[in-house]
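The sequence and the coordinates come first.

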Amino acid sequence: MANTYTQIHLQFVFAVKYRNGLIHSSFKQELYQYISGIIKANNHKLLAINGMSDHLHILVGMRPSQSVSDLMQDIKANSSKWINEKKFLKVKFEWQEGYGAFSYSKSHVQNVIHYIQNQEEKHKVKSFNEEYLDFLNAFEIDYDERYVFKDLI
């Protein structure tokens with residue numbers, strides 16, 4: 001695709017299954033590096049990654065050579081397998097089904113990077129559920145709240 005020129009910036013937001021706080025500071029940076037490697041191996045550009053113990057935000061400069069769903073499948077499947085193989089936790093690690101993908105113009109990229117880098121501050125005043133619903137509403141995405149978050153039954 002030598003004559004293909006794109007500028008696609010996507011923020012992905014996804015949670016640990018049941019939003020359990022399983023992403024511990026003891027391996028968080030290693031996880032971010034591992035996910036960065038997946039993104040790079042798929043010829044995309046990682047612009048920012050950060051999150052909390054129960055969810056992640058990733059901003060990616062996407063290449064049109066891969067679908068959004070294929071990239072997310074690769075990130076979630078391989079990172080959860082990696083966490084489990086490394087035995088960072090005494091319980092099985094899983095990501096919750098689904099994700100949010102939100103597109104941004106070049107003029108908004110620096111603000112999104114700043115937002116992602118400052119997750120700890122943002123979540124002192126807003127829960128992940130509130131944040132995620134704010135994204136869906138701000139981007140005018142129709143959703144059925146029954147399927148947005150799965151709780152442990």
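## Crossing of H1 and H2

The crossing of H1 and H2 is right-handed, where right-handed means that the near helix is turned clockwise from the far one by less than a right angle, and left-handed that it is turned anticlockwise. The contact between H1 and H2 is made up of eight nonpolar, two polar and two charged residues. In this division Ala, Val, Leu, Ile, Met, Phe, Trp, Tyr, Cys and Pro are nonpolar, Asp, Glu, Lys and Arg are charged, and the others, Gly among them, are polar. From H1 the contact takes Glu30, Leu31, Tyr34, Ile35, Ile38 and Ile39, and from H2 it takes Asp74, Ile75, Asn78, Ser79, Trp82 and Ile83; contact means heavy atoms within 4.5 Å.

Two packed helices are described by the angle between their axes and the distance between the axes. Helix H1 spans residues 28–41 and helix H2 residues 68–86; their axes come within 10 Å and cross at roughly 140°. The axes are lines fitted to C-alpha atoms, for helices over the stretch in contact, with angles from 0 to 180 degrees between N-to-C directions. H1 and H2 are therefore oblique to each other, given that angles under 35 degrees count as roughly parallel, over 145 as roughly antiparallel, 65 to 115 as roughly perpendicular and the rest as oblique.

## Basis of the description

The model is predicted: local features need pLDDT of at least 70, side-chain atom pairs count only at pLDDT 80 or more, and totals for chains, interfaces and linings use all residues. Residues are numbered from 1 along each chain as its sequence is written, and side-chain values use heavy atoms, with hydrogens and water left out.

Helices (H or I, at least four residues) and strands (E, at least two) are DSSP runs, numbered from the N terminus. Buried means under 20% relative accessible area, exposed over 50%, and partly exposed in between (1.4 Å probe, protein chains only).

Gly37 is a residue of helix H1 and is partly exposed at 38% relative accessibility. Gly37 and Ile75 are separated by 38 residues in sequence and by 9.5 Å in space, C-alpha to C-alpha.

Thr4 belongs to the segment before strand S1 (8–15) and is partly exposed, at 39% relative accessible area.

In helix H3 (residues 109–117) the buried residues include Val109, Val112, Ile113 and Ile116. They are on the same side of H3, because they cover an arc of only 100° around the axis, taken from the directions from the helix axis to the C-beta atoms. Gln110 and Asn111, on the other side of H3, are exposed. The cover over the buried residues of H3 includes S1, strands S2 (45–52), S3 (55–62) and S4 (100–104), and helix H4 (119–122).

Helix H5 (residues 128–138) has Phe128, Glu131, Tyr132, Leu133, Phe135 and Leu136 as its buried residues. Among the elements that cover them are S1, S3, S4, H3, H4 and helix H6 (145–148).

## Positive phi values

Most residues other than glycine have a negative phi, and most peptide bonds are trans. Tyr18, not a glycine, has a positive phi of about 60°. Tyr18 sits in the loop between S1 and H1 and is partly exposed, at 28% relative accessibility.

Asn43 has a positive phi near 65°. Asn43 is in the loop between H1 and S2 and counts as exposed at 54% relative accessibility. Glu140, which follows H5, has a positive phi near 55°.
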